[in-house]
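Please look over the sequence and the structure shown below. The paragraphs that follow lead through its parts one after another.

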Amino acid sequence: MQWLIFWLVYPILWLISKLPFWLFYKVSDCVYFLVYYIVGYRKKTVRQNLNLAFPDKSSEEKKRIEKRFYHHMCDMFLEMIKSISISKKELDRRVTFTNLEVLRKLEAQNRSVLLIIGHYATYEWLIALQFHFDYTGYGIYKKIKSKPFDKLVHDLRSRWNAKLLTNKEAMHVIAKHKEQGIMSTYGFIADQSPKSASSHHFVPFFGHEVPFFTGVERLAKKLDMPVLHLKATKVKRGFYEATFKLLSDQPREVPNYEITDAFVHELEEQIKNAPEYYLWTHKRFKHIRY
């Protein structure tokens, strides 16, 4: 049944991915109308998040952020579909990296890198980083329950010398690569809300103490791997810019949780500057510590 659904849906996705960009974003506008006004996808969660994050903003300000966010979210979803057929040249034109020398310096030292990424601006199109390096990049992700769509995601990444690792296998594979001297970059989206609040580090986030995963920091300390925050911003519709911020190149020498705290602080400041580009449909304040 899963494969039947996939083969019914995939041709539609492929056709959407082939649309010229001017028409492609018209489709996104239509999707926005359906998602926001008809379906009302996760509106309650979005409004709860915005009220907790911005208690001093007026209802009108939060409403503007909310609508802009849904516009952006639909763009981002459609851009994921666009990845089915977008060319290397076109994707490279739409995602620029401002300071690749930061990563190249570590590459020259024969050091693999852990990249921390937030659910901000774009994370799907950051795959364009692979155009600038020869070694393999790995994205750490939670496996999709549908086998056909999980395979589709893998196929999209492998178009440009990138691969995916599930969060369950990542630690073992990265440690094995380190032992074998295999050079790689590993990208983690590190701002999900942990399921169990008791076993994670709490960090001030928009005035609330909430838990954040510390797995990247613990892995960095264990394997002595540098950690970079890859910060993406939206320049205009369909165009993004990403900048590397070194959080630590000597992780064993910094106090515990300093790397995680630095990432959260950077992410919060970025969100404050343009809150409409953050993924507010996730429950960001699920485990507040009072």
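**Helix 10 and its surroundings**

Helix 10 (residues 258-273) has 16 residues and reaches 23 Å from its first C-alpha to its last, close to the 22 Å expected at 1.5 Å a residue; the expected span is 1.5 Å times one less than the number of residues. Helices (H or I, at least four residues) and strands (E, at least two) are DSSP runs, numbered from the N terminus. The model is a predicted one, in which local features need pLDDT of at least 70 and side-chain atom pairs count only at pLDDT 80 or more, while totals for chains, interfaces and linings use all residues. Residues are numbered from 1 along each chain as its sequence is written, and side-chain values use heavy atoms, with hydrogens and water left out.

Among the buried residues of helix 10 are I259, F263, L267 and I271. Here buried means under 20% relative accessible area, exposed over 50%, and partly exposed in between (1.4 Å probe, protein chains only). The cover over these buried residues includes strand 2 (113-117), helix 9 (215-223), strand 8 (227-236) and strand 9 (239-248), where contact means heavy atoms within 4.5 Å.

E266 is buried, with a relative accessible area of 13%. E266 also forms a salt bridge with K245, the closest N and O atoms being 2.4 Å apart. K245 belongs to strand 9, so this second pair connects parts that are 21 residues apart in sequence.

The strands themselves come next. Two strands pair if DSSP finds at least two bridges between them. Strand 8 and strand 9 pair in the antiparallel sense over 9 bridges, with V227 as the bridge partner of S248. Their hairpin has 2 residues between the strands, and G238 there takes a positive phi near 85 degrees. Strand 9 is also joined to strand 1 (residues 95-97) by 3 bridges, and these two run parallel.

Strand 5 (residues 184-189) is mostly covered, as 5 of its 6 residues are buried. Strand 2 runs parallel to strand 5 and is joined to it by 5 bridges, with L115 opposite G187. Strand 3 (residues 136-141) is likewise parallel to strand 5, with 5 bridges, and T136 stands opposite S184.

A further salt bridge joins the side chains of D75 and R237 (2.8 Å, N to O). D75 lies in helix 4 (residues 59-82) and R237 in the loop between strand 8 and strand 9, so the pair ties together parts that are 162 residues apart in sequence. D75 is buried at 3% relative accessibility, whereas R237 is partly exposed at 34%.

Most residues other than glycine have a negative phi. N110, in the loop between helix 6 (101-108) and strand 2, has a positive phi of about 55 degrees although it is not a glycine. Y257, in the loop between strand 9 and helix 10, has a positive phi near 75 degrees.

Note on methods:
Salt bridge = Lys/Arg side-chain N within 4 Å of Asp/Glu carboxyl O.
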